[in-house]
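Here are a few notes on the charged side chains, written with the model open next to me. Have a look at it first, then read on.

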Amino acid sequence: MKIGFVVNDVLTEKATYTTTRLAMQATTMGHEAWLIGMGNFAYEPDGSLSARARGVTGKNYRSLERYLDDVKKPEAEERVTLSEMDVVMLRSDPADDAHEAAWANNAGVAFGQLIASTGVLVVNDPGNLANALSKAYFQHFPEVVRPRTLISRDREQIASFVSDLGGRAVLKPLQGSGGSGVFLVNTDESPNLNQIIEAIARDGYVVTQEYLEEAKNGDVRMFVMNGKPLVVNDKYAAFRRKSSGSDMRSNMSAGGKALAVKVTDEMLAMVDVVRPKLVADGMFLVGLDIVGDKLMEVNVFSPGGLGSCQSLYEENFSVAIIEDLERKLDIRRHNPGIGNVDLATL
């Protein structure tokens, strides 16, 4: 299997990233894995698609650091024909390019759609990823799993909603992820509410959500594959992300700590509620961020934390993900007419 992993920039990838873990696992399992940066695509004059990509073969890597060092060597780069890929995983983080390279996110989705049109399996489905470039996508999931939310740039409307919530709310930008630009407003912060709104609204719409008391214990990141919890040997790929100190952000990129978590019936019921949309949208691998009985976010671009899951539960969940992609290719061989959206979550 030839599999491409699209990232923001290959040279800025880190050994701790889930994408690095998946690419190394694919290589170790005998597949041809390539890392492709968002700015490395080309649509050729003859209509073919290519990319400058980096990959290594023929080695059974055990060290993520060694693997990534080899991938980053200049001699590991070559131009590859994308229609010859079997699978392409779109794994870039929109927040990383939001300011310095705002063009990159739309370009990645657009090239993903072109690649899929050649018969290559592209996950998550690029057509629906285009809709998910803003947090407004989250509002399409059933209301029962969402906290009360207002999306607006109107200062008075936002202030009134915060007041309705008892003066306590979470404010964040409509675009972005990774805990960037997230504010908790309470009685101490209320004098600064206008400044917070202005700071966020400067770059677009403001998402205002009810604050959930359970958030003080962090949130739970749960991996969902094909619309179902990712489970290996009865162990769930899920963990609690606890914020460090007084910082309310539990994202690992914001200094959060990973802890083992017991997956509850309530969490599984939440997956059942969102499954139909995830499957219908071709969202092969996503990360659900859960606080209490609500979903705070559905990460459909580059959910991270597989390394934390492996360390906490001593299970290599990456194997199950690569094996499932192998299974999908077998399905397509017997059913060549199946579309990308359907195959992505089959």
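1. Quick definition before the count: a salt bridge here is a side-chain nitrogen of Lys or Arg within 4 Å of a carboxyl oxygen of Asp or Glu. Bear in mind that this is a predicted model. Searching the whole structure with that criterion turns up 17 salt bridges.

2. Start with D70, which pairs with R66 through a salt bridge at 3.7 Å, N to O. Why can these two reach each other? D70 and R66 sit four residues apart in helix 2 (residues 64-71), so about one helical turn separates them.

3. D70 has another partner too: K73, with the closest N and O atoms 3.2 Å apart. Is D70 itself buried or exposed? D70 is buried, at a relative accessible area of 6%.

4. Now for D289 and R221, whose side chains form a salt bridge at 2.7 Å, N to O. D289 belongs to strand 17 (residues 285-291) and R221 to strand 11 (residues 219-225), so this contact ties together parts that lie 68 residues apart in sequence. Both D289 and R221 are buried.

5. One last thing to click through: which residues does the network around that pair take in? Salt bridges with shared partners link D219, R221, R241 and D289 into one network.

Terms used. Residues numbered from 1 in each chain as written. Predicted model: local features only at pLDDT ≥ 70, side-chain atom pairs only at ≥ 80, totals over all residues. Heavy atoms only, no water. Helix = DSSP H or I, 4+ residues; strand = E, 2+ residues; numbered from the N terminus. Buried < 20%, exposed > 50% of the residue type's maximum accessible area, 1.4 Å probe, protein only.
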